[in-house]
Amino acid sequence: MEKRSRLFIPRDRGISSRVTAFICVVLWTACVLYTSAVCISALADADISATLRPEDIQENEAIQRAAAFFAVKCGLDKQTLLDATWDCFFAPAATLEEAIQASANGQPCWTLYVKNTAEGHHRHVFVMTRSGELLFWSAHGSNGYTVADPDILADARFVQPMPTDAQGADVAEAFWAALLAQGAYSEESIQDVILDGHFIYHEQFNQGISPVWIIYAQRAGVKEWKAAYAYTGECMSLVPFEQDFTCYWLENEDFWYGTFGAEQGFEEKGLLAEIMVGNMSPEKQKETAERWRPYLERWIKEHPYYMNAPGAEYDLVFGK
């Protein structure tokens, strides 16, 4: 195949450091769910009529703006989103996360939630000021953004792929094939397309634990398509440039579910929780850790980036 790409692979700008993550996954998940419930409850308790002024954006207009925004980011018809179920809150800035509060300047804000079945299980969030200025949004499982069109590369950490990772040339060929397969370009028009790819760590993807390939297709200096490929070479997302990445998590990277499956993995995590809270005898704890050892040794060998953030099971099994 004639090469039509100019794939830029930068020099290594730093070796990834091990991030300690000695936490109990089950208890952490419960904490997150509780915190989310508290936040939503706090918004629900806010008195809309007490703070909403006639000159402020009203609920219907807020929904219209959020729907128009997500129609672009999700590649959906706006009416599809308008027909979905919305939860809308006009509440004091103090109910928002601290990072958003600063931009709100102490003024009450609109927070809108929508879950569209066509978009999977992720709940979309849109926060704006009383006058309609965007403060925050999240659509497909990312940590969220404070600007409408974020530049992923601006705060990424660029690294070189390991020999066992998908290499730039392989990712480029896969991207070309995918663009042609879905009709993004014809065989003739794709001759004018240049690819720009980077292997990076970014907190939005896999919580910054494992790197991804971010690759753009551009013509005449204008970016038209983008994709995220996991270090394994798996395509996580391929969308028009103006849309949001549709996936920020590489599947099957959880030790418990990847090793034992969903049902048993949940049970094994339960045993980990028992150990973490001291509800298991030392003898049983040692027996359980030894049973996990061969599974975890194999997992580390097959998943090299696990050691960037080893879980509590690592310390229990290897006594670190």
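Okay, hi everyone. Before anything else, keep in mind that this is a predicted model.

Let me start with the charged pairs. How many salt bridges does a search of the whole structure find? The count comes to 11. I'll walk you through three of them.

First up, arginine 130 and aspartate 56. Their side chains form a salt bridge, at 2.9 Å from N to O. Have a look at where the two partners sit: arginine 130 is in the loop between strand E3 (124-129) and strand E4 (134-138), while aspartate 56 is in the loop between helix H2 (48-51) and helix H3 (59-74), so this pair ties together parts that are 74 residues apart in sequence. Now, are these two buried or exposed? Arginine 130 has 10% relative accessibility, and with buried meaning under 20%, arginine 130 counts as buried. Aspartate 56 is buried too, with a relative accessible area of 5%.

Next, aspartate 254 and lysine 269. These side chains meet in a salt bridge at 3.5 Å, N to O. Aspartate 254 is in the loop between strand E9 (235-240) and helix H7 (255-260), and lysine 269 is in helix H8 (residues 262-276), so here the parts tied together are 15 residues apart in sequence. Aspartate 254 is partly exposed, at 28% relative accessibility, whereas lysine 269 is buried, at 7% relative accessible area.

Arginine 291 belongs to helix H9 (residues 282-302) and glutamate 268 to helix H8, so to speak two distant parts of the chain, 23 residues apart. Again we get one of each kind: glutamate 268 is buried, with a relative accessible area of 5%, and arginine 291 is partly exposed, with 35%.

Okay, over to the pocket. I picked the second largest pocket, which holds about 210 Å³ of space. Which residues lie nearest its centre? Those are Asp149, Pro150, Asp151, Lys226 and Phe241, out of a lining of 17 residues. By type, the lining divides into 9 nonpolar, 7 charged and 1 polar.

That's what I have, so let's open up the structure and look.

Conventions: Residues are numbered from 1 along each chain as its sequence is written. This is a predicted model: local features need pLDDT of at least 70, side-chain atom pairs count only at pLDDT 80 or more; totals for chains, interfaces and linings use all residues. Side-chain values use heavy atoms; hydrogens and water are left out. A salt bridge is a side-chain nitrogen of Lys or Arg within 4 Å of a carboxyl oxygen of Asp or Glu. Helices (H or I, at least four residues) and strands (E, at least two) are DSSP runs, numbered from the N terminus. Buried means under 20% relative accessible area, exposed over 50%, partly exposed in between (1.4 Å probe, protein chains only). On a 1 Å grid over the protein atoms alone, a cavity is a set of points where a 1.4 Å probe fits but cannot get out, and a pocket is an open set with protein on both sides within 12 Å along at least five of seven lines; lining residues have an atom within 4 Å of a point. Grid points are joined across faces, edges and corners, and a volume is the space filled by probe spheres set on the points. Ala, Val, Leu, Ile, Met, Phe, Trp, Tyr, Cys and Pro count as nonpolar, Asp, Glu, Lys and Arg as charged, and the others, Gly among them, as polar.
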